[in-house]
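Keep the 3D view open as you read.

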Amino acid sequence: MEGDVLGKKSVKGKVQVPGDKSISHRAAIFGAMAVGKTVIHGYLTGEDCLHTLSCLEALGVQIDRQEKTVIINGTGWKNLREPKTVLDVGNSGTTMRLLLGVLAAQPFYTVLSGDKSLNERPMRRVSIPLTEMGARFDGRENGNKAPLSVRGNALRPITYQSPAASAQVKSAILLAGLQTEGVTTVVEPVASRDHTERMIEAFGGSIDTNGTRHSVKGRQKLIGTEIVVPGDFSSAAFLIAAALVTENSVLTIENVGINPTRTGMLTILKQMGANIELFNQRELNREPVCDILVRSSALKGTVIEGAVIPRLIDEIPILALIASQAEGRTVIKDAGELKVKETNRIQTVVSELKKLGVDIEATDDGMIIEGDPDKVLSGGVVNAYGDHRMAMMLMVASLISADPLVILEAESAAVSFPGFDRLLSAITRD
Ligand code: S3P
């Protein structure tokens, strides 16, 4: 994408964002494991979630894909079959890690692989607890990296103290535990997103949660249901940013999921002085949803650290851009997990924003940004390195760049937000 930004821009209008990625993956996987028909409205047709559907199909699940609705004909945990080919998860860490939890308890052999980025991401964080439960894994780098094989087994329940606040690790263990006789427990150091817990209940199952300790009884029968997927807060985040950092902007984003385990960015933006209103609050399948009204705002730097980090981990690239337009210093700490995302996001955020003239330095577990509300970014060639959230952050940066921006590997935005560039152009005014 080439920006054509040569002046002050505004963003205006009323928009919707595509369905939530985390909820879409889980609706498809739980739909496949449940008995009976699951109808999913607003399923995200980004590449990651399409990979989840094709992997489930390769495992013998019958799926009817319609334009905005996906129908899964679930036949229960026992009716998956050994796939004849390698399962391709593309760029999607959630697909691989959650499916490893499902496959750990299946009595067959599966090989999973993904793209260049996915195959560099650590998988031992999931295979360690699942091996303890009785599954067998192998893969590159001593079983840590894909292509990865799993031979499932009748598992034993465990209590696992997860070293990382990772919803993917938690979900993989819960998915394995749901197929295992006895009670499986996972304890997190800090709360991560809780869509799996909510989804278990939406499918008629039960889970005991006590703080960050979650236990499921095995061999539960889940029943197919109807799921309406809310708009993805992590996608809305880029539009919120576009309105905040441009002048005279007023933007409404309708139907956005505001699960508190996902909206740490709102907490931080409030601290920074952002003019954001939430209204029309309601609930869809146990998930809170609302409309969001954002206006251009004068912002102040802040410190982002501790328990809020897992609640905004995917929003750090766009928060770094926002911080570059705030008065004073923003410090981001405790975010070492950024190093194992679709790219090493400490490295890629810092290198690309530096190219645009932002005063930003990497630290071991985050970054420090010296903001300036009058800062006009320079243009030039930047690289999203195939990372969807980098691509969208850089497209938003193009709204406040003095010269055109050429973003390499920007097509990766389609991983979670197909058509983001078109939507952003449609709401941008000179
Ligand atoms: C996700 C969990 C998070 C997040 C990812 C989606 C999920 O990853 O970064 O985009 O749907 O469970 P981790 O579990 O690795 O923190």
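## Ground rules

Helices here are DSSP runs of H or I with at least four residues, strands are runs of E with at least two, and both are numbered from the N terminus. This is a predicted model, in which local features need pLDDT of at least 70 and side-chain atom pairs count only at pLDDT 80 or more, while totals for chains, interfaces and linings use all residues. Residues are numbered from 1 along each chain as its sequence is written, and side-chain values use heavy atoms, with hydrogens and water left out.

pLDDT is the predictor's confidence in each residue, on a scale from 0 to 100. For this protein the mean is 96, and 98% of the residues reach 70 or more. Residues 1-6 are a stretch where pLDDT stays under 50. The model gives that stretch 22 contacts beyond four places in sequence (a contact being heavy atoms within 4.5 Å).

## The largest pocket

First, the terms. On a 1 Å grid over the protein atoms alone, a cavity is a set of points where a 1.4 Å probe fits but cannot get out, while a pocket is an open set with protein on both sides within 12 Å along at least five of seven lines; lining residues have an atom within 4 Å of a point. Grid points are joined across faces, edges and corners, and a volume is the space filled by probe spheres set on the points.

The largest pocket comes out at about 580 Å³. It has 38 lining residues, and the closest to its centre are Ala165, Ser166, Ile313, Glu337 and Lys341. Helices α1 (21-33), α3 (93-103) and α6 (167-177) each supply at least two lining residues, with α1 giving the most, at 4. By class, the lining has 15 charged, 12 polar and 11 nonpolar residues. For that count, Ala, Val, Leu, Ile, Met, Phe, Trp, Tyr, Cys and Pro are nonpolar, Asp, Glu, Lys and Arg are charged, and the others, Gly among them, are polar.

## Around the ligand

Which residues are around the ligand? They are Lys21, Ser22, Arg26, Thr94, Arg97, Ser166, Ala167, Gln168, Arg193, Ile313, Asp314 and Lys341, going by a heavy atom within 4 Å.

Some pairs of N or O atoms fall within the 3.5 Å limit for a polar contact. A polar side-chain atom of Ser22 sits 2.7 Å from a ligand oxygen, and a side-chain N or O atom of Asp314 is also 2.7 Å from a ligand oxygen. Gln168 uses a polar backbone atom instead, 2.9 Å from an oxygen of the ligand.

The largest has a volume of about 50 Å³, and helix α7 (residues 195-202) provides the largest share of its lining, 4 residues. Its lining splits into 5 nonpolar, 2 polar and 2 charged residues.

The second largest cavity is about 30 Å³. Its lining includes Asp20, Ile23, His195 and Arg262.

Ala146 and Pro147 are joined by a cis peptide bond, with omega about 0°. Pro147 belongs to strand β8 (residues 145-151).

Arg286 has a positive phi, near 65°, without being a glycine. Look for Arg286 in the loop between β15 (275-284) and β16 (287-295).

Terms used
Polar contact = N/O pair within 3.5 Å; in protein donor to acceptor, adjacent residues only side chain to side chain.
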